[in-house]
Amino acid sequence: ASIIFGRGELDGIAPDCRGLIVPIFGTGPDGELAMCSQIDLARAILQAIEAGANIINISGGQFTPTGNSDPLLEAAVRRCHERDVLVVAAAGNDGCACLHIPAALNSVLSVGAMDESGSPLPSSNWGSLYREQGILAPGKDIPGAIPGGGIGTKSGTSFATAVASGTAALLLSMQVARGGRPDARAVREALLASAAPCDASTPD
């Protein structure tokens with residue numbers, strides 16, 4: 001959230017945009033973070049739509065060998081497409097030619113992480129579906145607010161996803177400033193079309 005909106009001395013990418021946090025994680029019996037199910041994520045997406053979100057940032061996901069998801073999650077993402085809500089989701093940090101849900105679902109903007117030179121981080125996934133609906137965004141040593149105060153840096157596709165969501169929010173706000181309506185589909189297509197292609201001759 002601080003990457004997108006800013007916090008204290010940290011300038012956000014889209015500081016004048018508004019945000020809503022829909023909690024999806026709980027605390028397990030051992031006091032550790034309990035992962036959410038695809039059904040819980042679907043419910044959260046629908047809540048965000050009803051609250052008026054134009055962009056839904058999902059800095060997380062679940063590994064999938066097939067790219068298929070629970071029907072309820074697929075339906076929630078399809079509802080986003082029908083309502084012109086952009087879902088931006090992390091490609092995952094397994095470092096393999098593999099996929100995460102919801103990043104692999106149709107109409108989602110999948111985001112991998114790159115370093116300062118534009119090279120993918122070794123941990124960033126590169127599943128085949130991402131070639132059509134994915135981009136790389138800065139994801140190394142990204143500054144953000146930390147619990148208890150202050151600024152820290154983190155790396156990975158979760159933070160690259162927030163960078164991409166913030167950029168999309170800026171583009172949507174420019175549409176509104178020019179008297180138009182927020183067109184999330186157009187923003188997604190613009191980001192995909194304007195991204196520099198990866199160099200296929202480079203093994204990395």
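Visitor: Which residue's side chain meets that of Arg188 in a salt bridge?

Guide: Side chains of opposite charge can pair when their charged atoms come close. A salt bridge is taken here as a side-chain nitrogen of Lys or Arg within 4 Å of a carboxyl oxygen of Asp or Glu. In this predicted model, the partner of Arg188 is Glu189, with an N to O distance of 3.1 Å. Local features need pLDDT of at least 70 and side-chain atom pairs count only at pLDDT 80 or more, while totals for chains, interfaces and linings use all residues. Residues are numbered from 1 along each chain as its sequence is written, and side-chain values use heavy atoms, with hydrogens and water left out.

Visitor: How many salt bridges does a search of the whole structure find?

Guide: The search finds five. One of them joins Arg43 and Asp40 at 3.0 Å, N to O. Both residues lie in helix H2 (residues 38-50), three residues apart, about one turn of the helix. Helices are DSSP runs of H or I with at least four residues, strands are runs of E with at least two, and both are numbered from the N terminus. Asp40 is partly exposed, at 34% relative accessibility.

Visitor: Which parts does the salt bridge between Glu50 and Arg79 tie together?

Guide: The closest N and O atoms of Glu50 and Arg79 are 3.7 Å apart. Glu50 lies in helix H2 and Arg79 in helix H3 (residues 71-82), so the pair ties together parts that are 29 residues apart in sequence. Glu50 is exposed at 55%, and Arg79 is partly exposed at 33%. Together with Arg83, these two residues are linked in a network of salt bridges.

Visitor: Which residues touch the most other members of the largest nonpolar core?

Guide: In soluble globular proteins, nonpolar side chains tend to be buried together. A nonpolar core is a set of buried Ala, Val, Leu, Ile, Met, Phe, Trp, Tyr and Cys residues joined through side-chain atoms within 4.5 Å. The largest one here has 22 residues, and Ile45, Ile56, Ile58, Leu73 and Cys80 touch the most other members. Two or more residues come from each of H2, strand S3 (55-58), H3, strand S5 (86-90) and strand S6 (99-101). H2 gives the largest share, five residues. Another core, of 21 residues, lies apart from it and includes Ala113, Leu121, Ala162 and Ala164.

Visitor: Where is Gln133, and which residues is it in contact with?

Guide: Contact means heavy atoms within 4.5 Å. Gln133 lies in helix H4 (residues 130-133) and is buried, at 7%. Leaving aside neighbours within four places in sequence, its contacts include Ala103, Leu105, Leu109, Arg188 and Leu192.

Visitor: Which residues does a cis peptide bond join?

Guide: The bond joins Ile101 and Pro102, with omega about 15 degrees. Pro102 is found in the loop between S6 and strand S7 (109-114).

Visitor: What is phi of Ser107, and what is phi of Asp141?

Guide: Phi of Ser107 is near 80 degrees, a positive value in a residue other than glycine. Ser107 lies in the loop between S6 and S7 and is partly exposed at 22%. For Asp141, phi is near 55 degrees, likewise positive in a residue other than glycine. Asp141 is found in the loop between strand S8 (134-138) and strand S9 (142-145).

Definitions and conventions
Buried < 20%, exposed > 50% of the residue type's maximum accessible area, 1.4 Å probe, protein only.
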